[in-house]
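Please keep the sequence and the structure open while reading.

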Amino acid sequence: MAKFDFVLFDFDGTMVDSSKGIFKSLIYALKAAGHEEPDGATLRKFIGPPIYDSFKNLFGFPEEKIQFVISKYREDYSRDGIFELDIYDGIPELIKKLHENGVKVATASSKPTVFIERILKHIGLFDYIDYIGGTGFDEKGAGKTGILLNALEHLGCTDKSRAVMVGDRKFDIDGAKGAGIETIAVLYGFGSEAEFKEHGAEYIVKDTKEIENIIFGE
């Protein structure tokens, strides 16, 4: 019997490494706005928060210019950047095992839902996901707690002790705490052990096998 009946996954940095396509499209958007190309550390910080918040807080764009850079980013990303990614080792096998054992699976991401759907279909995992939780294109500050609560409701979760969030950034941990569920923080994504400990992740793992062991108590 699984320890959890509902498993919610962050997407970028947890299910797939989409950094190549994201960074390419980000640089395209910044150049279109006359902004210099950021260094690698800044690029990595872009993945995790809602896109609106990243352009505002990370790059300092004023309100009136944020929609322009977002539109340029999505113009490039939807064209070809969306499929420039790698699936993390063990993710397909883990998702399929959860599905086969009756565990409900959802995404809970700040990425637009339509992008998540396209990628899941592209990598062959769409049919194994019970609910795709993401954002719309017009959401300025899509909070992670709200995304998680919405996903839990659609999954039919009434006992939050039976649900867990799997993510790679502090936003996932904080969002899960706000939603009243535990977090499995993964070290193979874009976060760090120090970040996970500071924000109080219940579990910290290095690979998907350890996620499986926690969920199934192996």
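## Packing around Met-15

In this predicted model, Met-15 is in contact with Phe-9, Asp-10, Ile-87, Tyr-88, Ile-91, Ile-95, Thr-107, Leu-120, Leu-125 and Ile-129, once its neighbours within four places in sequence are left aside. Met-15 and Phe-55 are the residues with the most contacts inside the largest nonpolar core, which has 55 residues. Helix α1, residues 19–32, gives the most to this core, with six residues. Apart from it lies another core, of 16 residues, including Ala-106, Ala-108, Leu-152 and Leu-155.

## Salt bridges around helix α4

The count of salt bridges comes to 17. In one of them, Lys-24 pairs with Asp-80, with the closest N and O atoms 2.9 Å apart; because Lys-24 lies in helix α1 and Asp-80 in the loop between α4 (63–79) and β3 (86–87), the pair ties together parts that are 56 residues apart in sequence. Lys-24 is partly exposed, at 28% relative accessibility, and Asp-80 is partly exposed at 34%.

Asp-76 forms a salt bridge with Arg-79, where the closest N and O atoms are 2.8 Å apart, and both residues lie in helix α4, three residues apart, about one turn of the helix. Asp-76 counts as buried at 5% relative accessibility, whereas Arg-79, at 47%, counts as partly exposed. Lys-24, Lys-72, Glu-75, Asp-76, Arg-79 and Asp-80 are linked in a network of salt bridges.

## A buried pair between helices

Lys-144 forms a salt bridge with Asp-172, the closest N and O atoms lying 2.3 Å apart. This pair links distant parts of the chain, with Lys-144 in helix α7 (residues 144–155) and Asp-172 in helix α8 (residues 170–179), 28 residues apart. Both Lys-144 and Asp-172 are buried.

How values were computed:
Residues numbered from 1 in each chain as written. Predicted model: local features only at pLDDT ≥ 70, side-chain atom pairs only at ≥ 80, totals over all residues. Heavy atoms only, no water. Core = buried A, V, L, I, M, F, W, Y, C linked by side-chain atoms within 4.5 Å. Buried < 20%, exposed > 50% of the residue type's maximum accessible area, 1.4 Å probe, protein only. Helix = DSSP H or I, 4+ residues; strand = E, 2+ residues; numbered from the N terminus. Contact = heavy atoms within 4.5 Å. Salt bridge = Lys/Arg side-chain N within 4 Å of Asp/Glu carboxyl O.
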